[in-house]
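Subject: Structure for your review

Dear colleague,

Please find the structure below, followed by a summary of what was found in it. I would be grateful if you read the two side by side.

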Amino acid sequence: LTLPPTFGSAYVGETFSCSLCANNELPEATDRRILAVEMTAEMQAPTQTIALDLTAAEAEDSKSELSIGSSLQRMVRFDLQSEGNHVLAVSVSYTETLGDGGDELKSRNRTFRKLYQFIAAPCLSVRTKVSEFSQQAHGNNKGSYAEPMSFALEAQLENMADGPITLEKVGFTPKHSFTTTSINWDVSWPEIQKMDYPFLMPRDVTQVAFLIKQSSGEQRSKAPIETTKDGRIILGQLAIRWRTAMGDQGFLTTGWLTTRKRP
């Protein structure tokens with residue numbers, strides 16, 4: 001079973017993928033045969049261990065013989081969602097027989113396991129700031145009421161990878177009690193020429209912004225504001241998609257972004 005000793009760079013938000021090859025390296029002058037080769041793999045991430053689905057390059061009969069010089073190939077893909085040390089654990093089991101194909105073959109089952117370690121580093125650093133617009137109180141014959149709350153969300157995105165990336169989409173998914181408006185390069189206004197996707201070299205920083213407004217009218221009563229246990233208002237989440245110079249896609253969703261405690 002072979003894999004390169006190092007994988008290069010692996011980043012959170014991207015998909016780790018590789019080809020696993022189990023090779024029959026017996027010498028030509030032997031009467032030993034390798035049958036029923038099976039391969040399994042799991043990823044030991046910082047917070048959990050996940051069994052991986054392996055995809056065959058083509059249809060294969062697992063009970064057939066793996067001839068000398070041939071290999072069993074499997075593809076593995078895993079979405080990297082957490083920073084830190086990862087271990088790809090691969091197990092191979094097979095049956096080894098000794099004989100010329102007669103009735104009295106000697107066979108035994110064998111298993112071996114290999115570990116491949118790498119570190120997933122952050123590709124993007126996200127720093128956010130939330131500012132609240134002042135509310136004005138109004139009154140009528142039914143009493144006083146305040147305008148819906150409004151916020152400005154600013155986020156600085158820094159490329160922490162070793163190579164350039166292109167930001168394809170930065171969106172904000174609000175809680176049901178809020179609506180959002182993007183004021184970034186994806187805005188389609190007749191008087192503004194469409195902008196290219198931001199291209200970030202290593203350590204380059206770009207800034208994005210969103211207007212967030214509390215729902216009004218009937219929708220406001222149907223969607224009450226959600227808060228954390230300590231009373232902070234939950235606004236929503238940022239979702240960011242990018243591509244590397246080689247065309248690999250990455251995706252990152254932040255945790256819930258909050259603002260001041262509800263009065």
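Glu158 counts as buried because its relative accessibility is 15%, where buried means under 20% relative accessible area, exposed over 50% and partly exposed in between (1.4 Å probe, protein chains only). This is a predicted model, in which local features need pLDDT of at least 70 and side-chain atom pairs count only at pLDDT 80 or more, while totals for chains, interfaces and linings use all residues. Residues are numbered from 1 along each chain as its sequence is written, and side-chain values use heavy atoms, with hydrogens and water left out.

Surroundings of Glu158

The side chains of Glu158 and Arg127 are joined by a polar contact of 3.3 Å (a pair of N or O atoms within 3.5 Å; within protein, one must be able to donate a hydrogen and the other to accept it, and residues adjacent in sequence count only if both atoms are side-chain atoms). Beyond its neighbours within four places in sequence, Glu158 is in contact with residues including Cys123, Arg127 and Asp204, contact meaning heavy atoms within 4.5 Å. Of these, Cys123 is buried, with a relative accessible area of 2%.

The sheet

Glu158 belongs to strand 12 (residues 150-159); strands (E, at least two residues) are DSSP runs, numbered from the N terminus. An open sheet of 4 strands has the order 9-12-16-14 and antiparallel pairing, two strands being paired if DSSP finds at least two bridges between them. Strand 9 (124-132) and strand 14 (178-182) are its edge strands, each pairing on one side only. On average, neighbouring strands of this sheet are turned by 25 degrees against each other, direction ignored (axes are lines fitted to C-alpha atoms). Strand 12 is joined to strand 16 (residues 205-214) by 9 bridges, and Phe151 has Ile212 as its bridge partner in strand 16.

Aromatic pairs

The structure holds 4 aromatic pairs (ring centres of Phe, Tyr and Trp, the last by its six-membered ring, within 6.5 Å; planes under 30 degrees apart are stacked, over 60 edge-to-face and the rest tilted). One of them, Phe16 with Phe118, is stacked, at 4.8 Å centre to centre and 10 degrees between the planes. This pair links distant parts of the chain, with Phe16 in strand 2 (residues 15-23) and Phe118 in strand 8 (residues 106-122), 102 residues apart. Phe16 is buried at a relative accessible area of 7%, and Phe118 is buried at 5%.

Yours sincerely

Technical notes. Axes are lines fitted to C-alpha atoms, for helices over the stretch in contact, and angles run from 0 to 180 degrees between N-to-C directions.
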